[in-house]
Amino acid sequence: MARSSSTHQSVGPIKRAFSSPKALALGMSIWPPFLGAGIRVQEISPDWRRVRVSIRSRPWTSNYVGTVFGGTMLSGTDPFWMLILMKNLGSDYIVWDRQVEGRFRRPGHGHLHVTFDLDQATLDEIRAEADTGERVLRWFNSDVLNADGEVVATIRRELYVKRKA
């Protein structure tokens, strides 16, 4: 009998192949969509709570006026909040990226970077809400910074979390 997607989250080939933070960071950095977009995973902490990503401007990832495409910045933030939550909540929870919003604040030139940090209080809140059996919808903000530390864009992602039945 097939399981419905609402009660089962399958394990993809990337998750199976790259179970350690270092291996996953390397694998994601050489994954063709990230490699071609100039996106590199600099670090995934051993506790899976912090991820650092760099986004380098390339001629093919820059728009008509020479700034990094907004889509490239969105791609550089795509899987990380979901990954962090999945690793920290464990296999008893379903985690999905639900929607994304981008607010572009200044032109993104050159080398950009973004850091994702999950604190214990937020993790505890999400787990407590999900343990009631209800779905949890939570927004996470990520600032994309330029080399001077100025905010180029704020990317917001809404994640869906539910405890498996």
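Reader: How many of the 10 residues of helix α5 (residues 80–89) are buried?
Author: This is a predicted model, in which local features need pLDDT of at least 70, side-chain atom pairs count only at pLDDT 80 or more, and totals for chains, interfaces and linings use all residues. Residues are numbered from 1 along each chain as its sequence is written, and side-chain values use heavy atoms, with hydrogens and water left out. Helices (H or I, at least four residues) and strands (E, at least two) are DSSP runs, numbered from the N terminus, and buried means under 20% relative accessible area, exposed over 50%, partly exposed in between (1.4 Å probe, protein chains only). Helix α5 is mostly covered, and its count of buried residues is seven.

Reader: Is Leu-35 buried or exposed?
Author: Leu-35 is found in helix α3 (residues 32–36). Not counting residues up to four places away in sequence, Leu-35 touches Ser-29 and Ile-30, where contact means heavy atoms within 4.5 Å. Its relative accessibility is 51%, so Leu-35 counts as exposed.

Reader: Why do the buried residues of α6 line one face of the helix?
Author: In helix α6 (residues 120–130), the buried residues are Thr-122, Leu-123, Ile-126 and Ala-130. The arc is that of the directions from the helix axis to the C-beta atoms. Seen down the axis of α6, the buried residues line one face because they fall within an arc of 100°.

Reader: Which residue caps the N-terminal end of α6?
Author: A side-chain oxygen of the capping residue lies 3.1 Å from the backbone nitrogen of Ala-121. The residue that caps this end is Asp-119.

Reader: What is the phi of Trp-48?
Author: Most residues other than glycine have a negative phi. Trp-48 sits in the loop between β1 (39–44) and β2 (50–56), and Trp-48 is buried, with a relative accessible area of 11%. Although Trp-48 is not a glycine, its phi is positive, at about 60°.

Conventions
A polar contact is a pair of N or O atoms within 3.5 Å; within protein, one must be able to donate a hydrogen and the other to accept it, and residues adjacent in sequence count only if both atoms are side-chain atoms.
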